[in-house]
Every structure is written in structure tokens, then in C-alpha cells.
Amino acid sequence: MKECLVIGKANVGKTLFVINFAEYLGLDHIEVKISFPNGFSTVKCYSIPQARKELTGLGAHKTRCLQSVHLEIPARKGRKKLKITDTTGLMDTIHQDVEIRRAIAQTLNVLRQTDTIIHMVDAHNLYMSEASALLGEIDYQVVQFAQMRGPYCILANKMDLPGAREGLQLLLRELPGQYVIPISALHKRGFKEVKAFVSRCC
Ligand SMILES: Nc1nc2c(ncn2[C@@H]2O[C@H](COP(=O)(O)OP(=O)(O)O)[C@@H](O)[C@H]2O)c(=O)[nH]1
Ligand SMILES: [Mg+2]
């Protein structure tokens, strides 16, 4: 089964996207395989509301492991199977907490092996940010790496928030030629396009 990795900085909406995308595809429960950086793994079953409540949130680095969910994408002949893996948020700087550094290293390790890369950015934050570069250094490095590998797309998330449209325009100008899908993970907008993308990859 092909694997699709969802990566990006912390709090861009990766975990909410994976949960709501599973719901969009018809699941009311998800079985999450949780793989910790120390090699230990376990499986936990969540209802969709419970997953949203327990696994997402604005606290820095809520996700500190790999969380994989098996999805089935309706296709012309039957269904295609896909493993979608949520990851620890990447950073431009080195985190002082060793647990988070290990979790980020785990994410970077699987990034080299995965079939498909979904790279999420926060379009609303791009517009609001006062930094000199549009994206952080780590985002530019992911773009450089991922575009040379297999299927790759960028999800411009939080399109429901003010300034996100302007953020999307800046992103499109900054990364000409990249496949960018505007979405709202919260409101499940843009999911049809994401479904078409992942369906081509599995
Ligand atoms: N308004 C809005 N909030 C979002 C969206 N996606 C995620 N969030 C919120 O952003 C915060 C971080 O989301 P989370 O999925 O935990 O981010 P992660 O660190 O990338 O996994 C949570 O409070 C989410 O509810 C979105 O599309 N719109
Ligand atoms: Mg998360």
C-alpha cells in the first residue's frame, strides 16, 4: 500500500486535515497507528469528534510521533487503499526539548522513504507574518527536496480565515510551477481536489 506523508510546520493544521479528510471519505471512526520515535508503536481507535478533541489544538507540538490511518479512496473500479501519515511539526530552529527534536528527526527520516508528500502551510499566517521571507527556511528545504521525488503537492490551509486569499496569492507567486491546493481543513473545503490528487498517487 502506498504511503502519503503530511508534513509542515507546527499548527498549520496537519492533524485536523487527516481527521477531517478521513471523515470526508466516509469514516466515522479512525484506527490510528501511533509510532513513537523510540520504536514503540500502538493502535488506538477514535471516533472522529474524539480524535479532533484529543489530537488537534493550538498548543505547540501536540503531535510528537507518526500517526497513520488507512483510507479507502473510491475509484472507477472499486476502491484504492492509501496509508496517510500525520507527522510532528517541523521548525526553522532547533527545539530545546529533546523529545521534540527526536520526533522531528523521526519525521525527517520517513520523509526520505515515503511515496507521496503533502506539504501543508498556513495561508492566513503567510499574509499576517512580518518575516522577511514568505516561508520559513524549513519550508523552502521541503519544497526543494519534495519536488525532485515522487508526487508532491502543497496544501494552503486555513483559507476560511481573513488574509488567507492574499497569502495564497503570495505563495503562488513565490513558488511558480508548484501544485498548490487551497483548502480549509476546518470546513473540509478543497477536499475534492485533494482526493483527486491522492487518488492519482495510490
Ligand atoms: N480556522 C481554521 N483553523 C484551523 C484549520 N485547520 C486547523 N485549524 C486549527 O489550527 C490549530 C492547529 O491544528 P492542528 O491540526 O493541531 O495542527 P498541526 O500541528 O499542524 O497538526 C487547531 O486549533 C485547529 O483547529 C482551518 O482550516 N481553519
Ligand atoms: Mg498535529
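Helix 1 is followed by glycine 26, which has a positive phi, near 105°. This comes from a predicted model. The helix itself spans residues 14-24. Helix 1 is mostly covered, with nine of its eleven residues buried. The buried set runs through Lys14, Thr15, Leu16, Phe17, Val18, Ile19, Asn20, Phe21 and Ala22.

Helix 1 also faces ligand 1. The helix supplies three residues of the shell around this ligand, the largest share. In total, 18 residues surround ligand 1. The closest are Asn11, Lys14, Thr15, Leu16 and Asp160. Of these, Lys14, Thr15 and Leu16 are among the buried residues of helix 1. The space that ligand 1 takes is the largest pocket.

Backbone atoms contribute polar contacts to ligand 1. At glycine 57, a backbone N or O atom lies 3.0 Å from an oxygen atom of the ligand. At alanine 185, a polar backbone atom is likewise 3.0 Å from a ligand oxygen. At leucine 186, the separation between a backbone N or O atom and an oxygen of ligand 1 is 3.1 Å. Taken alone, ligand 1 exposes 580 Å², and the protein buries 88% of that.

Threonine 15 belongs to helix 1, whereas threonine 63 sits in the loop between helix 2 (48-55) and strand 4 (66-74), so the pair ties together parts that are 48 residues apart in sequence. Both threonine 15 and threonine 63 are buried.

The backbone oxygen of asparagine 11 lies 2.8 Å from a polar side-chain atom of lysine 158. Lysine 158 is placed in the loop between strand 7 (152-157) and helix 6 (164-174). Lysine 158 has a relative accessible area of 18%, so it counts as buried, the limit being under 20%.

Note on methods:
Residues are numbered from 1 along each chain as its sequence is written. Chains are lettered from A and ligands numbered from 1 in the order in which they are written. This is a predicted model: local features need pLDDT of at least 70, side-chain atom pairs count only at pLDDT 80 or more; totals for chains, interfaces and linings use all residues. Side-chain values use heavy atoms; hydrogens and water are left out. Helices (H or I, at least four residues) and strands (E, at least two) are DSSP runs, numbered from the N terminus. Buried means under 20% relative accessible area, exposed over 50%, partly exposed in between (1.4 Å probe, protein chains only). A residue is near a molecule or strand if one of its heavy atoms lies within 4 Å of it. A polar contact is a pair of N or O atoms within 3.5 Å; within protein, one must be able to donate a hydrogen and the other to accept it, and residues adjacent in sequence count only if both atoms are side-chain atoms. Accessible areas come from the Shrake-Rupley method with a 1.4 Å probe; for residues, only the protein chains shown count as cover. On a 1 Å grid over the protein atoms alone, a cavity is a set of points where a 1.4 Å probe fits but cannot get out, and a pocket is an open set with protein on both sides within 12 Å along at least five of seven lines; lining residues have an atom within 4 Å of a point. A molecule sits in a cavity or pocket if more than half of its atoms lie within 2 Å of its grid points.
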